[in-house]
Amino acid sequence: HDFSSFACADRDDDGSVRDLTGVRIERIGEHVIIELRANAFLRSMVRVIVGTLVEVGLGVRPADDTERILEARDRRAAGKTAPARGLCLVEVEY
């Protein structure tokens, strides 16, 4: 998919098509674990996806909004960028 809507507005123009191969969301106590797997990520893509998922969880946007956001290819269509605090890179595989 073209993930333009999930990239930071001032991203490098090296293309925005990525293969998101897995999404896992799990609640453990008061924490929510969101695991994303892809062949590559755009700058801020994970933070925008997480921010959008938070909005879905809060009822600000419908859960089935993903297709509309992807088709828009416009950063303004997706949710807010989640703050970096609390997000961590767990693993990189080649």
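Let's start with Phe6: at 5% relative accessibility it counts as buried, where buried means under 20% relative accessible area, exposed over 50%, and partly exposed in between, with a 1.4 Å probe and protein chains only. Phe3 is buried as well, at 4%.

Quick caveat before I go on: this is a predicted model, where local features need pLDDT of at least 70 and side-chain atom pairs count only at pLDDT 80 or more, while totals for chains, interfaces and linings use all residues. Numbering runs from 1 along each chain as its sequence is written, and side-chain values use heavy atoms, with hydrogens and water left out.

Back to those phenylalanines. The structure holds 1 aromatic pair, and Phe3 with Phe6 is a tilted one, 6.0 Å centre to centre with 55 degrees between the planes. For the record, rings of Phe, Tyr and Trp (its six-membered ring) pair if their centres lie within 6.5 Å; planes under 30 degrees apart are stacked, over 60 edge-to-face, and the rest tilted.

What sits 9.2 Å from Phe3, C-alpha to C-alpha, and 12 residues apart along the chain? That's Gly15, in the segment before β1 (20–28), and partly exposed at 31%.

Okay, the overall layout. From the N terminus you get β-β-α-α, so 2 helices and 2 strands, taken as DSSP runs numbered from the N terminus: helices are H or I, at least four residues, and strands are E, at least two. The radius of gyration is 13 Å, close to the 12 Å from the globule rule for 94 residues, so the protein is as compact as a globular protein of that length. That radius is over C-alpha atoms, and the rule is 2.2 Å times the number of residues to the power 0.38. The C-alpha atoms fill a box of roughly 40 × 35 × 20 Å along the principal axes, and 29% of the 94 residues count as buried.

Most residues other than glycine have a negative phi. Ser44, though, has a positive phi, near 70 degrees. Ser44 lies in the loop between β2 (31–38) and α1 (45–57) and is partly exposed at 23%.

Which other residue has a positive phi although it is not a glycine? Arg73, at about 50 degrees. Arg73 sits in the segment after α2 (66–72), and with a relative accessible area of 53% it is exposed.
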